[in-house]
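Could you walk me through how to read an annotated site in a protein model? I am new to this one.

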Amino acid sequence: MANQSTRKLWAAHLAKGGQGTGARKQAPRMTLGKPFRGRVLGIDPSLRGSGFAVLDYAADGTARILEAATLKLHRSLSMPECLGAIGNQVDDFLNQHSVDHVAVEQTIYVQNFQTAQILGAARGAAIGTAAMRGLPVFEYAPLRVKQAVVGMGRASKEQVARTVQNLTGTNFELRFDESDAAAVALCHAFTWRAE
């Protein structure tokens, strides 16, 4: 053995199936988990204009919007008042619908630190309300949402709204906060798998 070259030793190793005993191991099986079926609350959070949509995703793969709303808040309201209103809106949706999961759009990259802080606070108000009820919360980057729903990560808001309408039958017209929330819910329904 000591006189054999590395190449010959490697060839002999491969001839035995890569195992010292000569027995070939089966490759581990990779299986995807069970797909999502049920209701998901999609949230597109913003301090003054948050979108919400409850999506029912059936076993046959059909998607239906049960309710959608945009929470528009006046500039005269303080930040704590806006955060309270966002939390109350999430609470109202969860009281009215038996939701299995909550999906929230992540904050897009912003160069302004103050804007990032405000968006983070709005997300926190929505996430905190759902988390206090013990609901699983999932976050999705905007590019991932567009890729999962439209097929293009750089899709426009109009393209997202049209695709959501085609998939759910709900026409959001110019209510882009709602169509974005519905897209987040659809992204979750399409991509989440049980462990």
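This is a predicted model: local features need pLDDT of at least 70, side-chain atom pairs count only at pLDDT 80 or more; totals for chains, interfaces and linings use all residues.

Residues are numbered from 1 along each chain as its sequence is written, and side-chain values use heavy atoms, leaving out hydrogens and water.

Q: Which residues does UniProt list for "binding site"?
A: UniProt positions follow the numbering used here, with shortened feature names, and annotations may be inferred rather than shown by experiment. Here the unreviewed entry lists Asp44 and Asp177. They are spread over 134 residues of sequence yet cluster in space, with a largest C-alpha distance of 6.3 Å.

Q: Where do aspartate 44 and aspartate 177 lie?
A: Helices (H or I, at least four residues) and strands (E, at least two) are DSSP runs, numbered from the N terminus. Aspartate 44 belongs to strand S1, residues 38-44, while aspartate 177 sits in helix H6, residues 176-191.

Q: Is aspartate 44 buried or exposed?
A: Buried means under 20% relative accessible area, exposed over 50%, and partly exposed in between (1.4 Å probe, protein chains only). Aspartate 44 has 9%, so this residue is buried. Aspartate 177, at 18%, counts as buried too.

Q: What does aspartate 177 touch?
A: Contact means heavy atoms within 4.5 Å. Leaving aside residues up to four places away in sequence, aspartate 177 touches several residues, including Asp44, Thr70 and Lys72.
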